[in-house]
Amino acid sequence: MKRAALVTGGALLPAGWLAAAQAGMVGHMAGHMIAVAVAAPLIAFGLSDGRFDPARRWPTIVTPLGMSLVELVTVWGWHLPALRLLADRSIVAMVVEQASFLAAGLLLWAAVLGTGRDRRAGGVGALLLTSMHMTLLGALIGLAPRPLYPAMEHGMHDPLADQQLGGVVMLMVGAASYFLGGLALLATLLRQPEPQP
């Protein structure tokens, strides 16, 4: 099961990179969401409890709340107009952007999938926090009254409509992935018996 998740997550990465390289906000968002909210949790699950599991290798660094904050800074940072423009104009910057999305997502999912009741409880909060900030950013992008990223405009769609669809992709995939992950983690905690003193 873990091997299948690892292979599937790795196989999805080229699709995400290809989507992010396409013109327009929808492709950009699809690429980001594939990296951070689809491939990253699959890869993290595939690596969990193994020798390459970052949470197992660096348990004091790869913590749920810490990695949630890393993910927040990464996602919001790359959506600042200046960094967005840089990634749109430079293939190197786009590769760094996609790699940072994958790394932030992988570290967060690895942290929340770690063993131990306390880590899992912290993971619920971290995933729900991430879902909230993804929802907020997706809503801000989708509901903006004007195009926020003029460099992403292309002839296929109305720029504002393209941006609105990009915001919807972030809401539907990113926010939903973290929200459902948090609920699933909470369900596993509720099913576990309380530790005896």
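Here's one to start: is the crossing where α6 passes α8 left-handed or right-handed? It's right-handed. And keep in mind that we're looking at a predicted model.

Helix α6 covers residues 91-113, and helix α8 covers residues 159-191. They pack at an angle of about 15°, and their axes are 12 Å apart. An angle under 35 degrees counts as roughly parallel, so that's what we call α6 and α8.

Who's touching whom? On the α6 side, you've got G105, L108, W109 and V112. On the α8 side, look for S177, Y178, G181 and L185. Sorted by class, this contact has five nonpolar residues, three polar ones and no charged ones.

Now, α6 has another partner to show you, and that's helix α1, residues 2-21. Here the axes come within 11 Å and cross at roughly 135°. That angle makes α1 and α6 oblique to each other. The crossing of this pair is right-handed.

So which residues of α1 meet α6? They're L13, G16, W17, A20 and A21, and they meet M94, Q98 and L102 in α6.

To recap for α6: it's roughly parallel to α8, and it's oblique to α1.

Definitions and conventions
Residues numbered from 1 in each chain as written. Predicted model: local features only at pLDDT ≥ 70, side-chain atom pairs only at ≥ 80, totals over all residues. Heavy atoms only, no water. Axes fitted to C-alpha atoms, helices over the stretch in contact; angles between N-to-C directions. Helix = DSSP H or I, 4+ residues; strand = E, 2+ residues; numbered from the N terminus. Parallel < 35°, antiparallel > 145°, perpendicular 65-115°, else oblique. Left-handed = near helix turned anticlockwise from the far one by under 90°. Contact = heavy atoms within 4.5 Å. Nonpolar A, V, L, I, M, F, W, Y, C, P; charged D, E, K, R; others polar.
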